[in-house]
Structure formats: structure tokens, C-alpha cells
Amino acid sequence: MQKYGVGLRHTHFPYLESEHSKSQEGVEWFEALLENYMGTYGRPYKMLEKIRADYPIAFHGVSLSIASSEELNFDYMKKAKELYDNFDPFVTSDHMCWTGHAHSNLHNLLPFAYTKENLEFIADKVMRVQDFYAREMAFENLSAYFTLNKSTMSEAQFLNELANKSGCKILLDFNNVYVNAVNQKFDAAEFFETIETKNVSQIHLAGYSDLGTHLFDTHSHPVHAEVWQLFKKYCHKFDVPILLEWDEDIPEFPVLEREVLKAKEIFEGALL
């Protein structure tokens, strides 16, 4: 199993094309942001082809809007399927959220009420998406800054039931769980204890920003100590591929490599 990966970002293209990259340690796979490669065949697409020739890749989307009350966007899904068929990713994922309505994408990952009614509605949509792609999908737990009073179950309970009902998987983001636990004042450990091992197919790690009044999921810092502690406690419960994300103030590639090596050392019991 390819274990440790990083997000593929265009700022690292020159490094990855250089001789220096051949001495890189620890990085075994890359995750590409799906929408960056839709309907375009320029330098990013060519670079993705080069990466795919040497590494397994996963695709991670942000615009499926699976929790929207509207019908599935098959124009979007056709473009995604073309990429899936061309690059054969080992994981295809998006977020368990909604991002707007037809012709009005807010480009924000928005929460919804975790209810039985929404579970039935979204499970049906997930199964139709998986049938269309002929692939298993994974959905990431959300970093959300408010909750809805109509919810009758926790996010962890909802994700478990959705996976059991639809056959999809959970992309478990440790940073998102910690950020929500602090902001929404719940026990992060309870979230990880609730999630069933068999339902998780990938882990994300990232760094948040502390704004004083709340934590903000910016992916602009190294992974924080509190998140590493949660990772150390639960990484073996979810023995799946692990990805380091860094999306703002992106450092040089070797910095990412060091974060990957830290995850590897923690997983193997050598740190913390």
C-alpha cells in the first residue's frame, strides 16, 4: 500500500522536474486537486502525466456539492470521470458538504443538518455518483464554523451511517476534527472513537491558523502538536494512506518532505 503522500501544487513543478527531486525521501504518492485539471490540457495536465508515470495519484475534489438539495451536476461529473478514466487514481474523494446552487457556486464548503432525512437523500445521491463513475468515493469530514440546530446526530455518526448505507468511504481529516472540536467545544477523541475503522480509506493532515477567537482551517502551517497527538493515538486504528496538505504560504518541497517523514516516524512509533 502506498502510505505517505503530499498534495501536488504548481509551485513545486520546477522542483519535481529537477534532479534534486530524485533524492526525495518519504513521498510515495501525490494527491491532485480535481478541478485544476478539468477541461484543460496545458502545463498542469502535462505535469500530472509525468507524475503519474512514476507515482500513484489520488484525486480530491471541492465542487461535487453532494449535500446540495439540487440534482447532481452531470456536466461536472462527466469532466471528473474523464480524468478518473485517464489517470486511474487509487482514491477519488470530495467533501461531505454543499457549495451552492446551479449557476451560483459559492466556493465555500458549507455544512448541513445531520438528520435521517438528509442521510437518505444524500446516500441515494452518493450511490448514483459511484454508479456513474464506476468507482468508490470517499467524503471528507468538514471544517465548519457553525452547526445547525436541526441536526439529530453528530457528524461522525452521520458519516458512519452514510458509509454503511451507500458503500462510500470516509476521508478522515485530523486537522478538521481538531479545529471543529475547539471551535464547537466537543471532545475530538469521541469523534475518532465513533468512526468505524472499516469506513475510512484515507487520512489528511494539515496546519490551522489560530485567530485568537477561533481556529481557522487554512492549511498554511505545519501540523500542530495537538493534531500530531491525535494522529499518534488513532493512526493505527485507521491504517490507510496518509496525505500532508499545504495550500497557503506553501513552503519549499523539502519542508513538506520533512512533515511526511514526521508522520512516518510517528506511525512507526519513533516520535512523541
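Mentor: The expected span of a helix is 1.5 Å times one less than its number of residues. Keep that rule in hand for this model, which is predicted.

Trainee: What span should the 18 residues of helix 4 have, and how far apart are its end C-alpha atoms?

Mentor: Helix 4 covers residues 116–133. At 1.5 Å a residue it should span 26 Å, and its end C-alpha atoms are 26 Å apart, so the two agree.

Trainee: What follows helix 4?

Mentor: Ala134 does. Its phi is positive, near 55°.

Trainee: Which residues of helix 4 are buried?

Mentor: Leu119, Ile122, Ala123 and Lys125 are buried, and so are Val126, Val129, Gln130 and Tyr133. Note that Lys125 and Gln130 are on that list.

Trainee: What covers the buried residues of helix 4?

Mentor: The cover includes helix 3 (74–87), strand 7 (137–140) and helix 5 (155–166).

Trainee: Let's take helix 3. How do I read its packing on helix 4?

Mentor: Two packed helices are described by the angle between their axes and the distance between the axes. For helix 3 and helix 4 the angle is about 45° and the axes are 10 Å apart. The two helices are therefore oblique to each other. Helix 3 passes helix 4 in a right-handed crossing.

Trainee: Which residues meet there?

Mentor: From helix 3 come Phe74, Tyr76, Met77, Lys78, Ala80, Lys81 and Tyr84. From helix 4 come Val129, Phe132 and Tyr133. Phe74, Tyr84, Phe132 and Tyr133 also belong to one aromatic cluster, along with Tyr41, Tyr45, Phe59 and Phe87.

Trainee: Now the rings. How is an aromatic pair read?

Mentor: A pair of aromatic rings is described by the distance of the centres and the angle of the planes. Here the count comes to 21 aromatic pairs. Take Phe112 and Phe158: the ring centres are 5.4 Å apart and the planes stand at 70°, so the pair is edge-to-face. The cut-off behind that word is over 60 degrees.

Trainee: Where do Phe112 and Phe158 lie?

Mentor: Phe112 is in the loop between strand 6 (104–110) and helix 4, while Phe158 is in helix 5. The pair therefore ties together parts that are 46 residues apart in sequence.

Trainee: What about Phe174 and Phe231?

Mentor: They form an edge-to-face pair, with 5.8 Å centre to centre and 75° between the planes. Phe174 lies in helix 6 (residues 174–184) and Phe231 in helix 8 (residues 225–234), so this pair ties together parts 57 residues apart in sequence. Phe174 and Phe231 are buried.

Trainee: How do helix 6 and helix 8 pack?

Mentor: Their angle is about 120°, with the axes 9 Å apart. That makes helix 6 oblique to helix 8. The crossing is right-handed. Helix 6 makes the contact through Phe174, Asn175 and Tyr178. Helix 8 brings Glu226, Val227, Leu230, Phe231 and Tyr234.

Trainee: One last residue. Is Asn176 buried or exposed, and what does it touch?

Mentor: Asn176 is found in helix 6. Its relative accessible area is 2%, so Asn176 is buried. Leaving out residues up to four places away in sequence, Asn176 touches Glu140, Asn141, Leu142, Ser143 and Asp217.

Methods:
Residues numbered from 1 in each chain as written. Predicted model: local features only at pLDDT ≥ 70, side-chain atom pairs only at ≥ 80, totals over all residues. Heavy atoms only, no water. Helix = DSSP H or I, 4+ residues; strand = E, 2+ residues; numbered from the N terminus. Buried < 20%, exposed > 50% of the residue type's maximum accessible area, 1.4 Å probe, protein only. Contact = heavy atoms within 4.5 Å. Phe/Tyr/Trp six-rings, centres within 6.5 Å; stacked < 30°, edge-to-face > 60°. Axes fitted to C-alpha atoms, helices over the stretch in contact; angles between N-to-C directions. Parallel < 35°, antiparallel > 145°, perpendicular 65-115°, else oblique. Left-handed = near helix turned anticlockwise from the far one by under 90°.
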